[in-house]
Amino acid sequence: MLDIQNSLAHPLVIRREDYTPPEWLVPETKLAFDLDPSTTRVTATLSVQRNGDHAAPLRLDGAGQKPLSVTVDGVAINDWRIAGEQLVIPLAGAAHVVETQVEIAPDRNTQLMGLYASGGNLCTQCEAEGFRRITYFPDRPDVLSVYSVRMTADKKHFPVLLANGDPVEQGDSDDGRHWATWHDPFPKPSYLFALVAGDLAVNRSSFTTMSGREVSLGIWVREADLPKTDHALKALELAMAWDETTYGREYDLDVFNIVAVDDFNFGAMENKGLNIFNSRYILADPDTATDYDYDAIAAVVAHEYFHNWSGNRITCRDWFQLSLKEGFTVYRDQGFSADQGSRAVKRIEDVRGLRASQFPEDSGPLAHPVRPESYQEISNFYTATIYNKGAELIRMMAAILGPQGFRAGTDLYFDRYDGTAATCEDFVTSMEEGGKVDLTQFRLWYSQAGTPRVSASLSHEGDRATLRLAQQVPATPGQPVKSPMVLPLRVKLFGAESGAALTDERLVLFDDTLDTIEFEGLTERPVLSINRGFSAPVVVESDRTAADLAFLSAHDDDPFARYEAMQQLMLDTLVASAGGHADHEAVIAAVANTLANTDLDLAFVAEAVLLPSESFIGDQMAVVDPDAIFRAREALRRDLGTRLEAQWRQAYAGGEGQPYAYTPEGKGLRRLRTVALGYIAASGATDAADLAFAQFDLADNMTDRMGALTTLVSSESEICTTALDIFYSQYCDNPLVLDKWFQAQAQSSRDDTGAIVAGLAEHADFTLTNPNRARSLIGAFGANQRAFNTADGSGYRFLADQLIALDRLNPQTAAKLLPPLGRWRRFDAARAGLMRAELERIVRTPGLSKDVFEQASKSLE
Ligand code: PHE
Ligand code: ZN
């Protein structure tokens, strides 16, 4: 057992069941900022109102600062006290005006929470609990207030002053400073507060909403980056139009501003009328951003915009309801992206992401329900479960309700809860009423963690078939026993001889431990297609043979199901061959077939022929053997490369000489080209390195350049070093591109990746102060299954060292690097021991943040 001599040994646990409404409300907030990077003075004037019949004092959250002065109704008082980090002010009446003054130091804020400096500009990040680092306030999402903000700053260094809502007034002071006031008429929780002061240029356009309102749109960046903002601006316009046609949601202020900053803990933030973005989700041009970056930019711009309704107009009552806004908004951004390109490819990418990040979380020590019951540090709950599994829950409800019922449900939800802080329960109730369905049992998806496992077996006699289903929801921390859940499974049968559909697609609502489904009128032996479109986020185990899976990969009429059949076939093959039984024939034939099918779109082909990742293969095994998995996967890659060499070369040549265009066709060509290059290299062809280098050298876009570089980086050839050096000298001034240079090397399959990564951590351009840079090296390394899990434990030690160093600067980002160490139960005893030793070392580190403490201590349990 752990024996922790640490004040954090008994951390404060916040529980959902303890929720009580706020004792005081703050209908109006006036903030005055005297901005300066080293000392910023904040004056907060709060109109407070007693909420209910009680005698409790006003309690304001704070963190790190001390009040310089406190006044009540204009009179200075000194009977306030500090309890923990709260400022407690005794108040006699039902309503008062309370004013506090504090001083904060943005340029010493390395946590990037609250008001901080990035690239010479000042900006804020308040979700979840950053506002209390700016001023004293009831920093909880159910206290909604109307904000007026006045900012004063040096005009030369901070010519641009932005805040939430609409601009009201601005002017010069005579000391070289200037000021601006902004007003946001929509009551909002403190986590949506934002301001920016800086030397920024703007790319503007305007949007006319469906009711004819003219909105001025602006994307603010440093002057030199202005040419890289057109894609994001276009995406914003598309998102605004899409939300009107798809959900009937219209924008509500006169301006919508986005600011890009280089130092940011997450992707972006939906502050009302003033979104603040990690610059990686704004800046793009063909020379510096990949197709993947372009897609991600559009998705994140849309996501933050969609929050204006799902998050801002309707916010969360408490942080246990986080998925209310995040799950729904991810679902909305996924729908938007699907409508911009290929629906099937988008679904494949989303499911791959779910399997790469959420499934491991759901089966590990940090597993938690979509609506958690408790937390120590809320920042740790911005997880794939809250976001991506949360989105799958909405998707399942949409499937159960059908398109009209779902729209009726969302209309009702937006209408009924507008202007309030709502709960997940409120959302589900709206779905029930709008869609006229009973979701009583479905609610288990919010409270039970763990990925359900379904076993499916189809038997056939004469013209009838029986599908036998069984479900099991695995135990997770704190939840040893589970009840059966509602699993919406799209099912269809195909004829093994003709390849034709034998039935229509059925939506089976499988809601018991066991069930049987009957099919009649079958004219030939049926093959089962199940969980089509990944209609439920579950693991399906079926008794389908390699021949059945190969058949479905060629004949299923749902592209996702075709992909899925191929994945299953590849997985079965790889798991068997990691165990010493290699038979590659079925996979080779199925891949050949897919490559030969000219009806398929190229992006789909590229996805379908890609082997499952090493970690996903590991997830299928009782004990993960990273070296055996790597060898099995490389052997299959080599066989596929050699046996289908002519087809790969043909696919590769198909993309040659095409001028760059960011279109679905262009993306498909480039994607398949790089996948083909990877297989040509895997075949051991002598010209592979030259081919890759030529692609690297001649590319007129970053997608082809990175595709070639990632191929080269896993080779031991001299050319690899040359390419890395060229890339570095070309892009060392562009931090986002340099991140790719670090990341590619951390993802390499070379034997010496651990040593290379350790060397890169000493590189002059490596820094832990920038979260993107830290993630590009340390995060990518932790996700590289073989390199991270070398038997000597050096990868574990390296990660722990970096994490401890980063925790002193930025606990939130440090805690995000921890999960790979928590996977110790999945490995052999020797590795598990080494991983636990590092977790224990982390937990015992003096001065550890509660962010890292929570993740590390839970990972040891
Ligand atoms: N709310 C942001 C989003 O998902 C994410 C975020 C959380 C950003 C916390 C910063 C801090 O859109
Ligand atoms: Zn979000």
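Helix H9 covers residues 559–578, 20 residues in total. From its first C-alpha to its last, H9 reaches 28 Å, close to the 28 Å expected at 1.5 Å a residue. Please keep in mind that this is a predicted model. How many of the residues of H9 are buried? The count is 16 of the 20, so H9 is largely enclosed by the rest of the structure. After H9 comes Gly 580, with a positive phi near 100°.

Let us turn to a strand. E30 is made of residues 526–530 and is mostly covered, with 5 of its 5 residues buried. Which residues sit on each side of E30? Pro 526, Leu 528 and Ile 530 lie on one side, while Val 527 and Ser 529 lie on the other, and both faces are covered. E30 also has a partner: strand E27 (residues 487–495) runs antiparallel to E30, and 5 bridges join the two. One of the pairings links Phe 494 to Val 527 in E30.

Here are these elements side by side.

| Element | Residues | Value |
|---|---|---|
| Helix H9 | 559–578 | 16 of the 20 residues buried |
| Strand E30 | 526–530 | 5 of its 5 residues buried |

Finally, there is ligand 1. The residues around ligand 1 include Gln 125, Glu 127, His 303, Glu 304, His 307, Glu 326 and Tyr 382. Strand E20 (268–269) and helix H2 (291–306) each supply at least two residues of this shell. What is the make-up of the shell around ligand 1? It divides into 4 nonpolar, 4 polar and 4 charged residues.

Note on methods:
Residues are numbered from 1 along each chain as its sequence is written. Chains are lettered from A and ligands numbered from 1 in the order in which they are written. This is a predicted model: local features need pLDDT of at least 70, side-chain atom pairs count only at pLDDT 80 or more; totals for chains, interfaces and linings use all residues. A residue is near a molecule or strand if its C-beta atom, placed from the backbone, lies within 6 Å of it. Helices (H or I, at least four residues) and strands (E, at least two) are DSSP runs, numbered from the N terminus. Ala, Val, Leu, Ile, Met, Phe, Trp, Tyr, Cys and Pro count as nonpolar, Asp, Glu, Lys and Arg as charged, and the others, Gly among them, as polar. The expected span of a helix is 1.5 Å times one less than its number of residues. A residue is buried if 20 or more other C-beta atoms lie within 10 Å of its own, exposed if 12 or fewer, and partly exposed in between; C-beta atoms are placed from the backbone. Two strands pair if DSSP finds at least two bridges between them.
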